Amino acid sequence: PCKQNGKRFFRDISTIFIYNIFGVIWELIVKNKNSTGRGGAKTNEYKFEDLKIGLEESFQYEVTPEKIERFRELTGDINPLHVNDDFAANYGFTGRVVYGMLSASLISTLGGVYLPGRYCLIHQIEGCKFLSPVYLEDVLTVTGTVRELNESVKQAVISVSIRNQESKKVLKAILKVGFLE
């Protein structure tokens, strides 16, 4: 149900959009055998009681032209910043910019495959900030670190950072996860 002022409606629509994007990206990342990620391999199986403050997991993901094209096809996003090198250069970028939501969707992969993995139930992604542009052929390192454990509700708070091959931070966020137990 929508509230009269529309706030709830837009929040719900945004949530639905994000979950749909994450579902699409899950296929691009986890099922794609050419990914520098696990390519469908076995996921980690941390349960709440296995986690400790400071536990860290990371993986790498290479941004290829094929992945960008598949993302464009699946989402219909034809913004010239993402598909036209000349357009991007006219605005000061060194090439076309990778879709921010493609980078952000790696947060879902972190939770669902690496930390905690199989038993993950994503509750919330907070403060997702795009700090620097990501470009084609960048190799991203996605790292999650357990920062908080809330025993009463069996929730882990994980800080997420994504860095490019030059160790420049391109994205940061907080991931809150529950567990399918």
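A charge is taken to sit over a ring if NZ of Lys or CZ of Arg is within 6 Å of the ring centre and within 35 degrees of the ring normal. Lysine 67 meets this description, lying over the face of tyrosine 61 at 4.2 Å from the ring centre. The model is a predicted one, in which local features need pLDDT of at least 70 and side-chain atom pairs count only at pLDDT 80 or more, while totals for chains, interfaces and linings use all residues. Residues are numbered from 1 along each chain as its sequence is written, and side-chain values use heavy atoms, with hydrogens and water left out.

The protein contains 5 helices and 5 strands. Helices (H or I, at least four residues) and strands (E, at least two) are DSSP runs, numbered from the N terminus. In that direction the elements follow the order α-β-α-α-α-α-β-β-β-β. Of the 181 residues, 41% count as buried. Buried means under 20% relative accessible area, exposed means over 50%, and partly exposed lies in between (1.4 Å probe, protein chains only). Contact means heavy atoms within 4.5 Å. Among contacts between residues at least 6 apart in sequence, 70% join residues at least 24 apart.

Lysine 67 belongs to helix α2. This residue is buried yet has no salt bridge. The nearest side chain of opposite charge is that of glutamate 62, 6.2 Å away. In this count Lys and Arg are positive and Asp and Glu negative, with His and the chain ends not counted. The backbone of glutamate 62 does approach lysine 67: its oxygen lies 2.9 Å from a polar atom of the lysine side chain.

Aromatic pairs were examined next. A pair of aromatic rings is described by the distance of the centres and the angle of the planes. Rings of Phe, Tyr and Trp (its six-membered ring) pair if their centres lie within 6.5 Å; planes under 30 degrees apart count as stacked, over 60 as edge-to-face and the rest as tilted. The structure holds 4 such pairs. In one of them, phenylalanine 48 and phenylalanine 179 have ring centres 5.7 Å apart and planes at 75°, so the pair is edge-to-face. This pair links distant parts of the chain, 131 residues apart. Phenylalanine 48 is in the loop between α1 (7-30) and β1 (56-62), and phenylalanine 179 is in strand β5 (residues 169-179). Phenylalanine 48 and phenylalanine 179 are both buried. Another pair is formed by phenylalanine 71 and tyrosine 99. Their ring centres are 4.6 Å apart and their planes at 35°, so the pair is tilted. Phenylalanine 71 lies in helix α2 (residues 65-75) and tyrosine 99 in the loop between α4 (85-90) and α5 (100-114), so the pair ties together parts 28 residues apart in sequence. Phenylalanine 71 and tyrosine 99 are buried as well.

Threonine 145 is located in strand β3 (residues 139-150). With a relative accessible area of 8%, threonine 145 is buried. Its side chain makes a polar contact with the side chain of glutamate 56 at 3.1 Å. A polar contact is a pair of N or O atoms within 3.5 Å; within protein, one must be able to donate a hydrogen and the other to accept it, and residues adjacent in sequence count only if both atoms are side-chain atoms. Leaving aside residues up to four places away in sequence, threonine 145 touches Gly54, Leu55, Glu56, Leu115, Val157, Ile158 and Ser159.

The structure holds 5 salt bridges. A salt bridge is a side-chain nitrogen of Lys or Arg within 4 Å of a carboxyl oxygen of Asp or Glu. Arginine 72 bridges to glutamate 69, with the closest N and O atoms 2.3 Å apart. These two residues are 3 apart in helix α2, and so are separated by about one helical turn. Arginine 72 is partly exposed at 24% relative accessibility, and glutamate 69 is partly exposed at 33%. Glutamate 45 and lysine 42 form a salt bridge of 3.4 Å, N to O. Glutamate 45 is partly exposed, at 33%, whereas lysine 42 is exposed, at 61%. Glutamate 151 pairs with lysine 154, the closest N and O atoms being 2.9 Å apart. Here glutamate 151 is exposed at 51% and lysine 154 partly exposed at 35%. Salt bridges with shared partners join Lys42, Glu45 and Arg118 into one network.
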